Structure formats: C-alpha cells, structure tokens
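Me: I have a structure to go through. Can you take my questions as they come?

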Amino acid sequence: MTSNLQTMKDVKSIRDTDITGKRVLIRVDFNVPMDANQNISDDRRIRSALQTINYCIDNNACSITLITHLGRPKGAYEERFSLRHVQKRLERLLHKRIEFVEDFEAAKDEIAACSLERIFLLENIRFHPGEKKNDPELSKRLASICDVYVNDAFGTSHRKHASTYGIAEHVDVKVAGFLMMKEIEAFSKALETPTRPITLVVGGAKISSKITLLESVMTKIDKLIIGGAMSNTFLRAMGYDMQASLFEEEYVETARKVLKQAQQNKVKMYLPVDVVITDSIEHPIDVRVVPAQDVFEGFQAVDIGPATVKLFHEAIELSNTIIWNGPMGIYEIDRFSKGTYKIATAIADCYAYTIVGGGDTADAVDKAGETENFSFISTGGGASLELLEGKVLPGFELLDRNK
Ligand code: ADP
Ligand code: MG
C-alpha cells in the first residue's frame, strides 16, 4: 500500500559500506529535553544513537564526528543551547572521551588525523544561520570534513536542513544509521502490512504543524481520535465556544475540512464529549468537568474528561494497529494529567501493534510507566506523521540506494 516506506527501506545502511579508516560524520538527534538548569531530563535520544556510534568504533573508523541541533536557537550562539550540556552524558553512556569542537573547520586536521579512534562532538549546528536554510555553502563545508555521511537523526528527518539533507549532495558515500532503519521497519509493520482497524490518536499543542497532515492521512486510517489542545480547534469548528482554551482560530477551517474528509473516507472520528476546565493553569482554584459544549466563560479546557476517556478507551480496544502522537492534556501538571495517563494505559493494554511518537508523548508514556508495554517508541513525532502521509522523508531522499 505505502510505497514510500519501501523506497526508504531500500537505502543503504551503514552495514552496507566499509567504514574502516574512514572519517565518519554522523547526523544524530541529541535534541533532548532539559530543565531550567540545563540538566538533561530524558536521554532516550542520546541512547538511541549509541548503536551506530558503537558500530563505528568496533569497525575502526578513523574518526567519528557527531553533529546535531539542540533546542531552537535563532542562528546564533546561545549558551543554554550549547552541546557542552550534552557532552558529559554522552561520555558516560559511551564510556569514551568526547572531544568538543566549537569550530569544525578549524578542527579539520584533527578529525583527519586518524592516529587514535577519536570521537568529536560539534557545537549546535543551528548556531549557523545556514543550517535551517539548507545553505549549500554550509553543506559543502560540512561535507569536506568526512568521507562517509551517516544520517541517524530520525526525529529531524522530515526537515530539509544542511546537515540532514543538503550535505548528502556533496559526499560520495551516504548511508542510514541503525536508528533510521529501525524506525522505518517499525512503521512499515504498522502501515505496509497493517492489521486493521488502524487507529490514529492525535493530541498535543503543535496544532498548526499537525492539523494539515490530518487531511492527507484519511485514506490510510480507519479511526481518528483527537484530544489535547488539537481537539479544542475541532470543537471550535463544531461551533462550541472554547473560551480561553488553547486553539488556533486560523485552523478552524482546516479542522472543518478534516471533519468533512473523514466523513467522505468513512473514517470514524472521536472527539472529546467532556473536558476538564480550569480558571487558571498556574494557580487553579476552580477545576471541574463539563460537557465539551459548556466551557465556562474565561475558563480553559486542559484535559479530556472521564466520559471521553471511556469513549476513547472503547474505540482503542477495538483497534489492531494504533499510532499515537500528542498528549490528551497538560500532562506536565498532575491535576491535568489523568486523561493522558489513562489513554497511555488503554493503548498499552490493547492487544494491538502500538507505536507512540513525539517527545512529549513518549515522555508521558514513560511517566505512566507504560514504556515497556508499547510495541515501539519512535523518536520522531512530526516525522512519523509525515510517514503516514505517504511521504519519502527528506533525510532518506539523497542517501545511497541498494538498487
Ligand atoms: P509531542 O512533543 O509529543 O509531539 P506536542 O509538542 O505537540 O507533542 O504537544 C505536547 C504539549 O501539549 C504538552 O506540553 C502539553 O502540555 C500540551 N497540551 C496538551 N493538551 C493541551 C491543552 N488542552 N491545552 C494546552 N496545552 C496542551
Ligand atoms: Mg513537544
């Protein structure tokens, strides 16, 4: 059904090339969540890259250079987004010394020296304004410090940036890392040979970037469950006054289109029938459950209510493949986390093939203690939704192919 996945499965993996004595550049995704003091709160993304890094060490690469972004700097240095905050954790996880590189061109000779097995970690690539613009100059400069380019940054593979896309045009050998291949394999199982019904559960707050994807997934799924701030936009589209809730007025029309398309494609839609509302997020005094039509003046919907949990639970139970992206409410705050945790458990308990994607959603699943009970935890949120759309992700597009 989905040939985009086959196209991606056909790229060469790091196993298909000889890296002995080569300068290997690996685009990893170390965009980890950090607290206000720059302590890493979840290092899953770093751990996910270890297999590829260890493979390079075991196969005697001349040098290994790691490149990633962290957070959302505006194309210039910002201390809080420095990769120095990641260096120590990486050293601990690899049991190796990591050399930090502020200016990769100045370190060119070091990287080529090949005397010892050396691992370099480059400073945040998004400190370069050319990264997000996919600037060919930056791509070329990056390409000049390696013989083999390995893309293992699945979480960023839906972006056409210099280090995830452009660079591949200027390197002779470009392959996918183990994480990339593992992710594609997991989604292929869910989408290429799916056991139906396929249910997509979407929530969270990144409304504008996710809602447009929903229009194009209708032909692939049987049920669509929507919660979180995303559902506020849909409830608004149905004519309900969502008061102070987080939703996006500019996308209410898109929500209407999604509703119509669901109907045309016979996709069953499930929206909240009741919501948890509060007078304030930081200092809640009045918190209660009301029908989705009855949000009080000045209040905001911050979680799905118990009737909705029951409704979603029943829809989930009758599914054979479930893909989840986006929490059902503000799960970071205890009082508003029940809906998300109950849905996490409902999906985990289901005898289905279950995939969860998205940084916050994976974190919520972890906090619910259900990580082990999902078939697959994806490191990509946006990337996994684009797979569902039937796209070949740019991060795979320019890599070498087996045929
Ligand atoms: P992911 O990181 O899994 O892709 P998002 O980043 O899209 O998910 O959304 C996660 C965020 O959505 C969380 O910080 C959560 O607090 C927020 N959120 C969910 N529901 C609501 C809501 N009803 N109102 C405000 N924020 C919400
Ligand atoms: Mg998020």
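Me: What stands opposite Arg-27 in β5?
Reply: Asn-151 does. This is a predicted model, where local features need pLDDT of at least 70, side-chain atom pairs count only at pLDDT 80 or more, and totals for chains, interfaces and linings use all residues. Residues are numbered from 1 along each chain as written, chains are lettered from A and ligands numbered from 1 in written order, and side-chain values use heavy atoms, without hydrogens and water.

Me: How do β1 and β5 pair?
Reply: In the parallel sense, over 4 bridges. Strands pair if DSSP finds at least two bridges between them. β5 is residues 148–151. Strands are DSSP runs of E, at least two residues, and helices are runs of H or I, at least four, numbered from the N terminus.

Me: And β1 with β2?
Reply: Parallel again, over 5 bridges, with β2 at residues 63–67. Ile-26 stands opposite Leu-66 there. From β1 the chain crosses through helix α2 (residues 44–58) to β2, and the β-α-β crossover is right-handed. That term means that, with the strands pointing away from the viewer, the path from the first strand over the helix to the second runs clockwise.

Me: Is β1 itself buried or exposed?
Reply: Mostly covered: 5 of its 5 residues, 23–27, are buried. Buried is under 20% relative accessible area, exposed over 50%, partly exposed in between (1.4 Å probe, protein chains only).

Me: Which way do its side chains point?
Reply: Arg-23, Leu-25 and Arg-27 point one way, Val-24 and Ile-26 the other. In a regular strand the side chains alternate between the two faces of the sheet.

Me: Switching topic. Where is Arg-288?
Reply: In strand β11, residues 287–291. Arg-288 is partly exposed, at 37% relative accessible area.

Me: What is Arg-288 in contact with?
Reply: Beyond its neighbours within four places in sequence, Val-275, Val-276, Ile-277 and Phe-296. Contact means heavy atoms within 4.5 Å.

Me: Now ligand 1. How far is its oxygen from the side chain of Glu-332?
Reply: An oxygen atom of ligand 1 is 2.4 Å from an N or O atom of that side chain. For Asp-360, a polar side-chain atom lies 2.9 Å from a ligand 1 oxygen.

Key: Polar contact = N/O pair within 3.5 Å; in protein donor to acceptor, adjacent residues only side chain to side chain.
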